[in-house]
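Please look through the sequence and the structure shown here before reading on.

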Amino acid sequence: MSGTYLGLPSFPRAAAESTRDTQLRANLTHATHTIRDKRAVAIGELADWPQLRAAGAQVKDRTLRHLDHYLLQLEAAVTEAGGTVHWAADAEEANRIVARLVHATGESEVVKVKSMATQETGLNEALAAEGIAAYETDLAELIVQLGDDRPSHILVPAIHKNRTEIRDIFRTRMADWGRPAPEGLSDSPAELAEAARLHLREKFLRAKVGVSGANFMVAETGTMVVVESEGNGRMCLTLPETLISVVGIEKIVPTWRDLEIYLQTLPRSSTAERMNPYTSMWTGTSDGDGPKVFHLVLLDNGRTDTLADTVGRQALRCIRCSACLNVCPVYERAGGHAYGSPYPGPIGAILTPQLRGTDNELNASLPYASSLCGACYTVCPVAIDIPEVLVHLRERVVQGGPVTLRGTRTTIKPARGHAAERAAMRVGSWTLDHPAAWHTAQRLALRTRRLHPERAPGRTARAWTDSRELPALPEQSFRDWWRQRRKTRENGGDQ
Amino acid sequence: MTDTSGSRAEILRRIRQALTDVPAEETPGDVPVARDYLRVHAPRSPRERTDLLAAHLTDYRAHVHRTEEAGLPGTVARLLAEHGTRRAVVPAGLPGAWLAEVSGVEVVSGGGGLTAGELDAVDSVITGCALAVAETGTIVLDAGPDQGQRRITLIPDHHICVVRAPEQVVDSVPQALPRLDPARPLTWISGPSATSDIELDRVEGVHGPRTLDVVIVTAQSSA
């Protein structure tokens with residue numbers, strides 16, 4: 001596997017391969033089920049979860065409907081606080097800006113905080129081409145980088161690797177990048193974390209340039225927010241002399257107060273904790289504390305095209321918690337790599353085709369990488385109606401229609417040679433060939449039935465419920481009932 | 001900024017074109033945000049609030065110690081001794097009384113002169129905090145005089161953080177934000193450094209301090 005997403009096969013072909021990987025499936029099932037069970041407990045602690053979820057969605061909608069206003073406000077606040085703001089229309093421009101800023105420091109290496117935006121732009125590869133080494137410092141990203149691999153999950157990018165595989169990567173590859181793995185390294189997570197600590201500490205202590213993303217940018221104050229667990233983020237954000245943050249333009253919240261919503265919903269939705277171990281907030285530069293130079297690179301790269309679609313726009317509310325991945329029966333079986341983008345799972349299935357357009361087979365197939373079970377919508381802390389957008393994008397792929405591509409309005413034709421329909425059929429038959437996916441979806445729907453809306457998600461289904469009540473879900477699915485009945489019989493119980 | 005000004009104008013143009021469905025007269029305030037979520041998730045007495053903070057910090061593997069004002073110097077000295085600390089760093093504005101009973105430990109001032117490499121040779125750091133949040137088990141540092149630069153609480157492997165109860169303890173995140181100044185560099189800490197990246201097994205301590213001792217100090221009268 002190589003570290004780039006170029007030239008990847010369409011979702012059904014990639015999924016057909018990954019579903020045969022039993023190790024991957026076992027790793028994924030364990031991981032996704034662990035997180036989602038814990039998440040339900042963490043959210044159960046907050047009686048006002050529905051209100052927080054609604055407010056989180058509303059604040060993002062307010063931001064998106066007035067994005068130009070908030071970006072200008074943010075730019076003024078960051079500049080006032082001693083930072084410099086750059087604007088990048090696409091990935092290539094963002095990478096060029098970062099490379100130029102690094103060159104200007106005279107350095108040839110940077111330490112990086114885990115960042116979806118720089119994965120999306122392929123920054124590490126672009127910097128390597130410029131003679132700049134970029135070191136990933138999040139443990140999972142380190143595993144992925146040392147293994148010449150690609151991330152497969154938004155929150156835990158090395159979710160597809162188990163401890164023995166990680167130990168082998170550390171043993172064979174750490175020496176190529178710096179301090180080698182300790183002699184006799186075992187596969188205990190504590191020892192592996194210690195090996196990463198030793199390997200990376202020498203890089204942190206000498207680093208002159210840090211590169212990060214941001215979870216939130218506050219327009220009124222110019223404050224950047226990074227949430228993390230390990231402390232590698234704090235290292236990269238405070239020790240270097242120069243800090244460069246590459247952030248998607250949708251990551252803005254209007255006011256300082258708005259953080260009270262997301263600092264409650266993001267940790268509980270993503271890591272299932274009341275709060276993540278570390279959150280760093282900085283506003284420009286501070287005398288004698290942290291980097292002396294701060295650059296903010298605001299990234300478009302398809303976001304304004306997504307904004308132009310009034311149905312698909314809601315994907316820009318995403319706060320990258322990854323809760324939708326952990327409940328998705330299709331993600332659980334196909335794995336993150338099948339989605340061919342840094343954004344896997346349900347959110348990736350709607351975000352990637354909008355950011356990149358649907359003009360190749362992979363992107364055109366992604367809106368079909370779903371059973372439309374709706375579990376992703378139920379768990380989304382900013383209430384993105386992912387099924388609605390999936391159906392909308394399917395229409396676009398099959399029927400064509402008006403879209404905005406790189407800021408230019410255009411009309412796309414139905415997908416070339418019905419490639420999309422073929423892709424759709426393949427995904428459809430793939431899903432039907434994997435009945436456990438459907439089964440999981442059903443059980444999930446039942447478990448969360450108290451949260452179910454009275455109207456169905458999705459444009460078509462919603463039209464149906466305009467004049468009808470959504471039928472109540474039964475206490476038990478037919479399959480569960482059947483299984484229980486059979487078990488009772490086997491145990492010699494009532495017939 | 002100058003060499004990307006073309007992209008600045010282009011991105012703003014794209015945004016305005018993308019938002020033609022938004023009525024020209026609409027202001028941000030016209031997009032409703034219902035803030036009907038709770039400011040606090042349960043009514044609590046000051047004592048209950050402090051107990052909840054302690055419980056939630058402990059949940060995420062911080063070590064919580066309770067003492068009255070008079071017992072603080074002894075507690076700090078004991079925690080340093082138990083950790084086997086030989087060198088400790090303190091911010092310039094740390095009250096001297098907190099260290100009154102410390103002996104056999106070289107105390108260096110983190111007033112700004114220490115490099116990251118020098119801090120790496122320090123065992124412990126002792127600080128105050130700006131406030132603590134009970135519902136999430138979080139302490140917040142704002143680089144105040146008794147907290148110092150962000151780096152001094154990051155590089156040493158052991159952090160002793162003093163929280164004054166009840167005045168520094170708030171219930172919730174919505175109560176915490178108005179008390180903090182966004183212009184200051186802020187660090188929110190909920191338990192020691194941790195990772196769950198390997199098979200989702202939680203391991204404490206990857207890069208930040210592996211041991212977090214939180215000393216909750218109550219005034220004599222309110223104890």
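Predicted model: local features only at pLDDT ≥ 70, side-chain atom pairs only at ≥ 80, totals over all residues.

As background, most residues other than glycine have a negative phi, and most peptide bonds are trans.

**Backbone geometry**

- In chain B, the peptide bond that joins Ala165(B) and Pro166(B) is cis, with an omega of about 5°, and Pro166(B) lies in the loop between β7 (158-165) and β8 (169-170) of that chain.
- Asn301(A) is not a glycine, yet its phi is positive, at about 50°; this residue is found in the chain A loop between β10 (293-299) and α13 (303-307).
- Asn301(A) counts as buried because its relative accessible area is 8%, which falls under the 20% cut-off.
- Arg406(A), also a residue other than glycine, has a positive phi near 50°, and its place is in the loop between β11 (401-405) and β12 (408-412) of chain A.
- Arg406(A) has a relative accessibility of 37%, so this residue counts as partly exposed.

**Helix packing in chain A**

- The axes of helix α8 (residues 139-146) and helix α9 (residues 163-177) of chain A come within 9 Å and cross at roughly 75°, which means that α8(A) is roughly perpendicular to α9(A).
- On the side of α8(A), the contact is made by Leu139(A), Leu142(A), Ile143(A), Gln145(A) and Leu146(A), while α9(A) contributes Ile166(A), Ile169(A), Phe170(A), Arg173(A), Met174(A) and Trp177(A).
- Sorted by class, the residues in the contact of α8(A) with α9(A) are nine nonpolar, one polar and one charged.

Note on methods:
Residues numbered from 1 in each chain as written. Chains lettered and ligands numbered in written order. Heavy atoms only, no water. Helix = DSSP H or I, 4+ residues; strand = E, 2+ residues; numbered from the N terminus. Buried < 20%, exposed > 50% of the residue type's maximum accessible area, 1.4 Å probe, protein only. Axes fitted to C-alpha atoms, helices over the stretch in contact; angles between N-to-C directions. Parallel < 35°, antiparallel > 145°, perpendicular 65-115°, else oblique. Contact = heavy atoms within 4.5 Å. Nonpolar A, V, L, I, M, F, W, Y, C, P; charged D, E, K, R; others polar.
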